[in-house]
Amino acid sequence: MIWRFGLFDSTFEPLLPTHWALLVALGLPLLLGMLAALFPPKRAWPVVLASVPVLASGLMLLSAYDQAGLLRWHWDIAGVQLSLRLNGLSVLLLLMTQVIGVAAALYTPGYLRLSETGPLARWLWPLMGVVLSALSLIWLATDLLTLYAGLELMGLAAVGMLMLSGKVAALVAGMRYLLLALMGSLTYLLGVALILGHWGRLDLQGLAEVVEHGPVAWFAAALVGAGLALKAALFPLHAWLTPVHENAWTPVSALHAALVIKASLFILLQLWSILLPDTFYAPRVIAWLGLLAIVWGGLLAWRTDSLKTLVASSTVGQLGYLMVAFPLLLGPDIAPLTRALAWEGFWLQLMGHAFAKAAMFMAAGNLILATGESTLKGLAGTSRRLPLSLLVFGIASITLMGLPPSSGFTAKWLLLQAMVLSQQWWAVAALLIGTLLTAAYIFRLFRYCFDETAPRHCYQPLAPGMDLIALTLALIAFALGLLAHFPLELMHGGSP
């Protein structure tokens, strides 16, 4: 079903309930964030009330897709065509963004009350709203101009959030992140300019019809890929990731690791599927870098003594699983069944990691906030007083390790099936190595936390609900494995 709106040239069609749901999903997080900056919520209940229409809009769009199938919206603005699309994959990513965004917003009032955040804390709300609105726009956009607008809004707001603590280390890390993000944006724009200049199309559907595979497509794919890989912290362009998380507030880290870096990966896969379909070398290079990412990220997390560095470094390794799947999604001579399995496993792994990583950062933040310690050795003996925080961390770790019956296990099982069918044994080895390394650094943390001989700490009580919010996200990641058939059936509407 397609709706068209003409600006400056013709009249609007009446807004249907689906249109209102779309406007709420895209614009309400931003408006609520601006309102919260004027009247910062001290408790969670105003956030609960504000979250109801946001979540309702996502459910309405899910219902509309279930009833009508693929939905498209087109705008003609002064001769420039902008378009949005709602398919099975985009509605899943939209719901994922809304749930994690609401969880981070509910977590924030308690965190800000207990932390020394300073006068800049009120600006977290509008920046969070910009990030959530921009992410929703990215999941739905089908033209390069809208994708770029969403990417830049999200990136600049993410930089602002990461620098809000005002610490010197945070400002240095944030400025480095800003410069690298701008470099990635410039590289991406050069690729888009090359695409527009050569083929004259910005819409993805039209571009797929006219693109000619050759040096221009390869060079454009290289520019776009380099820029987006830098923004997504794909190995080896990940060096900025750990410092920004080391100094960021907990809800900011949860949003960034769970959602922000995934958006660039989403755009990269979309554009490469158009510019580099059935290409051997480029996806294989990404996959080999993914293998190195799994090993390097796991080793960094295993050797560090900082809890936040452990969680941030594990993100590098977990992204490696997604990189390893690129030859199965874009490579030549891949059977349809194998490609379908890899497609399902890729997106299930991305969603499971998003929920688990947000929960893990919140659990880590709770441990640091309650004890005042940020090192693994400093957390020795915390199992006596903070069992729920450790339980959340453990449940999220089950997903990251890929143990049954979590979403990590189901996603890796689907990816392993695709790898075995395509006889990519090196990729099978990469997944197994990653699982062992993940277990190594997770159990290293628990070895300290369950040390009964450690001296007792003075603990700061956590705000009500902080552990429960993180537990909810961890359980969602766990339950996605048991109920994987629901998102997988819905996702088939988004397969290439």
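I looked up residues 141-438 and found their end C-alpha atoms 35 Å apart, with the span 78% helix and 0% strand; helices (H or I, at least four residues) and strands (E, at least two) are DSSP runs numbered from the N terminus. The model is predicted, so local features need pLDDT of at least 70 and side-chain atom pairs pLDDT 80 or more, while totals for chains, interfaces and linings use all residues. Residues are numbered from 1 along each chain as its sequence is written, and side-chain values use heavy atoms, without hydrogens and water.

I noted that an unreviewed UniProt entry annotates 141-438 as "domain: NADH:quinone oxidoreductase/Mrp antiporter transmembrane"; such annotations may be inferred rather than shown by experiment.

I next searched the whole structure for cavities and recorded 3 of 30 Å³ or more. A cavity is a set of points on a 1 Å grid over the protein atoms alone where a 1.4 Å probe fits but cannot get out, and lining residues have an atom within 4 Å of a point. A volume is the space filled by probe spheres set on the points, which are joined across faces, edges and corners. The largest cavity has a volume of about 50 Å³. Its lining includes Tyr177, Lys231 and Ser264. Helix 5 (144-162), helix 6 (168-199) and helix 10 (250-275) each supply at least two lining residues.

I then examined the contacts of Ile100 (heavy atoms within 4.5 Å). Leaving aside neighbours within four places in sequence, Ile100 touches Leu255, Ala258, Leu259, Ala354, Phe355, Ala358 and Leu473.

Note on methods: On a 1 Å grid over the protein atoms alone, a cavity is a set of points where a 1.4 Å probe fits but cannot get out, and a pocket is an open set with protein on both sides within 12 Å along at least five of seven lines; lining residues have an atom within 4 Å of a point.
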